[in-house]
Amino acid sequence: MKILRLFLICFALPLAAEELLCINDARQAEFSGSSKIVFTRHSTGKAAVYDINNRKVTELDFSGNSFSSRHDGTLFCCGDGIFPQLFLLDANTGKTTEITVSEPPSGVVFKVDSSTWAFPCGYEKIPKLLFIDGRSLKERQPLVLPPGTVDVSCNGKYAAIQFDNGTCNIRIVEIATGKTLFVTDAISGSMQKNGCHSPVFSPDGTKVLYVSGDIQPLADIMMYDLEKRELKRLTSDGKDNQRPRWSSDGKRYIHTTLRNGKYCTAVKTL
C-alpha cells in the first residue's frame, strides 16, 4: 500500500520549506476552486481531477488541455484536434458543454472582468483576441486591450503582455495609462534567461506568476509583487518548471515540472 501511494503521490521538501506534492503523468493542470486540480494525463491525453484534501484522483472521459478556471467549479478548456474546440468543463461531474466560437483558440482563456473572458485566436506573432460573455457563453463585442495581452488583473487595472524582441518577454502595464510597471529582460541564447512567458495574475490582482526560461531542462517559476515592487524566484531546483496557476484563494499555486523523466504537477503553499 505504501509503495502504491508513493507511485501516485510523492512528497519532497523544496527550498523555503514549502509544501510540495507531485502527481505523476500530469500536465496542463489548473485549480478548480482551492482544493481540486484538473489536469491532463500526458500518457493518454485524458483529463482527470485530483482532490487535495482526500488525495483522490477521478478520471474523466474527456481529452483536452489548456484549462482555465472560472473558480466556480467549471473550467474553460480546449478539446484535442487539428482545430481546437472550446468547451466548458464541470470538474465535479465531468460534463462538457461545447462553446461555439467563430475562430478556434490558439491559447488559454483568461478573465477580463466580472462578466467577460477572452482567448487568443490565430497563430500570428500577436494573435487577436475574441471575447466571450461569461453568462451566455456567446461571443461579445471586442474590448480595448493592449496588443499581446494574455492576462488581466481581477480589478481590470493591469494587463500582462507577452512580446517578442528576439526572445519572449513580459510587460505588466496599467491599462488606463499604458504605463509600464514591470518588464522582464530575457536574452536570447542564454540558457539561464532564454524566454519569459505564461504570466498569470493572483486572484487579488497584486502578484504575477510567470516562467523564466523555456529550454529544457531548466526553467523557473518567478513571482512579481505589484504592491511591493519585488521580484522573487519560487523554484531553484534545476528542473523544467512550467505553466504556473493560482488557487482561487491565492494561498497555493501549481505548476508542471519534469521529474525523473515524468511530467508531474507540483502544488505549493505560499
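**View 1. K128 is partly exposed, with a relative accessible area of 46%.** This close-up, like the others here, comes from a predicted model. K128 and E103 bring their side chains together in a salt bridge, with an N to O distance of 2.6 Å. E103 sits in the loop between β9 (96-99) and β10 (110-113), while K128 belongs to strand β12, so the pair ties together parts that are 25 residues apart in sequence. E103 has a relative accessibility of 27%, so it counts as partly exposed too, the band for that class lying between 20% and 50%. As a bit of background, side chains of opposite charge can pair when their charged atoms come close.

**View 2. A salt bridge joins R41 and E59.** Here the closest N and O atoms are 2.7 Å apart. R41 is part of strand β4 (residues 36-41) and E59 is part of strand β6 (residues 56-69), which means that the pair ties together parts 18 residues apart in sequence. Which of these two residues is buried, and which is partly exposed? R41 is the buried one, because its relative accessibility is 15% and the cut-off for buried is under 20%. E59, at 45% relative accessibility, counts as partly exposed.

**View 3. E30 and R245 form a salt bridge.** The closest N and O atoms of E30 and R245 are 3.4 Å apart. This pair links distant parts of the chain: E30 is in strand β3 (residues 26-32) and R245 is in strand β22, 215 residues apart. Both E30 and R245 are buried.

**View 4. Strand β23 pairs with β22 and with β24.** Strand β23 covers residues 252-259, and six of its eight residues are buried. Take the β22 side to begin with: four bridges join strand β22 (residues 241-246) to β23, and the two run antiparallel. The hairpin of β22 and β23 has five residues between the strands, and in it G250 takes a positive phi near 75 degrees. Now turn to the β24 side, where eight bridges join β23 to strand β24 (residues 262-269), again in an antiparallel arrangement. R252 has T269 as its bridge partner in β24. Two residues lie between the strands in the hairpin of β23 and β24, where N260 takes a positive phi near 55 degrees.

**View 5. L137 and S198 have positive phi values without being glycines.** Phi of L137 is near 60 degrees. L137 is found in the loop between β12 (128-133) and β13 (139-140). L137 has a relative accessible area of 18%, so it counts as buried under the 20% cut-off. S198 has a phi of about 60 degrees. S198 lies in strand β18 (residues 196-201). Is S198 buried or partly exposed? At 25% relative accessibility, S198 counts as partly exposed.

**View 6. The largest nonpolar core has 14 residues.** The residues with the most contacts inside this core are Y158, I172, F201, Y210 and L226. Strands β15 (158-164), β16 (168-174), β17 (180-183), β18, β19 (207-215) and β20 (218-225) each supply at least two residues of the core. Leaving aside residues up to four places away in sequence, I172 touches Y158, A159, A160, K179, T180, L181, F182, F201, V208 and L226.

**View 7. Stepping back, the protein has one helix and 24 strands.** Of its 270 residues, 51% are buried. Among contacts between residues at least 6 apart in sequence, 35% join residues at least 24 apart. The accessible surface comes to about 13,300 Å², and carbon and sulfur atoms account for 52% of that area.

Technical notes
Residues numbered from 1 in each chain as written. Predicted model: local features only at pLDDT ≥ 70, side-chain atom pairs only at ≥ 80, totals over all residues. Heavy atoms only, no water. Buried < 20%, exposed > 50% of the residue type's maximum accessible area, 1.4 Å probe, protein only. Pairing = 2+ DSSP bridges. Salt bridge = Lys/Arg side-chain N within 4 Å of Asp/Glu carboxyl O. Core = buried A, V, L, I, M, F, W, Y, C linked by side-chain atoms within 4.5 Å. Contact = heavy atoms within 4.5 Å. Areas by Shrake-Rupley, 256 points an atom, 1.4 Å probe, with all protein chains shown as cover.
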